[in-house]
Amino acid sequence: MSSGFGGAGLDLGGGSNIESMSKDEIIHQIRSQAALAGAQELISSISKHCFKMCVPAPGPSLGSSDEGCLGRCIDKYLAAWDAVSRTYVAHVQKQQP
Amino acid sequence: MAFDEATQRELQQVLEKETAKAQLQNTVHEFTGRCWDVCIREAKSNQLSSKESQCMRNCVERFIDASMFVVKRLQSLQN
């Protein structure tokens, strides 16, 4: 690890250094890091909930029926995420006059 | 850092907007997991049944109601 924002600069990987970045590059970094974090969170919750639902007794390999269930579960989880997002956003908007 | 004030302000605004968006999405992630456990029993179809999607919506709204109730109750205990 480098020493952060100070002298050595913030290492963002790929050899880029925050002190040599343009405004647009920084904005792009902020947005792509946020998108990456969101995707990681989604992958982790889908894995957790769909594994629990579809692979209740793990065998020596993943069976085709397990895979079928996982595929449907992924679609369904995304639909559930969408339903929650719509409901929550509508609720938040109702609170703000 | 050699950015002028206007650029610094713009970057600050982008960061604040992305932070707010991330917080909202974290709440959605949390509610989805919580309400999935309550409402979804199986994945025989890849879509939500109307019963399941009604359950998800009720779950989110009642969880918010319950949180508000807790806040109000705790506030009333302070007085």
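This is a predicted model: local features need pLDDT of at least 70, side-chain atom pairs count only at pLDDT 80 or more; totals for chains, interfaces and linings use all residues.
**Entry 1**

Axes here are lines fitted to C-alpha atoms, for helices over the stretch in contact, and angles run from 0 to 180 degrees between N-to-C directions.

On H1(A) the residues include Ile26(A), Ile30(A), Ala34(A), Glu41(A) and His49(A), and on H1(B) they include Leu11(B), Val14(B), Glu18(B), His29(B) and Trp36(B). By class I found 10 nonpolar, 8 polar and 5 charged residues in this contact. The classes are simple: Ala, Val, Leu, Ile, Met, Phe, Trp, Tyr, Cys and Pro count as nonpolar, Asp, Glu, Lys and Arg as charged, and the others, Gly among them, as polar.

**Entry 1: ground rules**

Residues are numbered from 1 along each chain as its sequence is written, and chains are lettered from A and ligands numbered from 1 in the order in which they are written.

Helices and strands are DSSP runs numbered from the N terminus (H or I, at least four residues, for helices; E, at least two, for strands). In chain A I counted 2 helices and 0 strands.

**Entry 2: how buried is chain A?**

What percentage of the 97 residues of chain A count as buried? I get 14%. Buried means that 20 or more other C-beta atoms lie within 10 Å of a residue's own, exposed means 12 or fewer, and partly exposed is in between; C-beta atoms are placed from the backbone.

In H1(A) the buried residues are Ile46(A), His49(A), Cys50(A), Met53(A) and Cys54(A). They pack against helix H2 (64–95) of chain A together with H1 of chain B.

I also checked two other residues of H1(A). Ile26(A) lies in this helix, residues 23–54, and counts as partly exposed because it has 18 C-beta neighbours inside 10 Å. Leaving aside neighbours within four places in sequence, Ile26(A) is in contact with Ile18(A), Met21(A) and Leu11(B). Its C-alpha atom is 46 Å from that of Ala57(A), 31 residues apart along the chain. Leu42(A), also in H1 of chain A, is partly exposed, with 17 other C-beta atoms within 10 Å. Leu42(A) and Trp81(A) are 39 residues apart in sequence, yet 9.1 Å apart in space, C-alpha to C-alpha.

**Entry 3: helix lengths**

I compared helix spans with expectation, which is 1.5 Å times one less than the number of residues. The 32 residues of H1(A) should span 46 Å, and the end C-alpha atoms are 46 Å apart, which agrees. H1(B), with 35 residues, reaches 50 Å from its first C-alpha to its last, close to the 51 Å expected.

**Entry 4: inside chain B**

The axes of H1(B) and H2(B) come within 9 Å and cross at roughly 125°, so this pair is oblique. The contact involves, among others, Phe31(B), Cys35(B) and Val38(B) of H1(B) and Cys55(B), Met56(B) and Phe63(B) of H2(B). By class it has 9 nonpolar, no polar and 2 charged residues.

Which residues of H1(B) are buried? They are Val28(B), Phe31(B), Thr32(B), Cys35(B), Trp36(B) and Cys39(B), and what covers them includes H1 and H2 of chain A together with H2 of chain B. In H2(B) the buried ones are Glu52(B), Met56(B), Cys59(B) and Val60(B), with H2 of chain A and H1 of chain B among their cover.

**Entry 5: the whole interface**

I finished with the chain totals: 30 residues of chain B are in contact with 29 residues of chain A. On the chain B side, helix H1 (5–39) and helix H2 (50–78) are the elements that give two or more residues. H1(B) supplies the largest share, 16 residues. That side divides into 16 nonpolar, 10 polar and 4 charged residues.

Conventions
Two residues are in contact if their C-beta atoms, placed from the backbone, lie within 7 Å. Angles under 35 degrees count as roughly parallel, over 145 as roughly antiparallel, 65 to 115 as roughly perpendicular and the rest as oblique.
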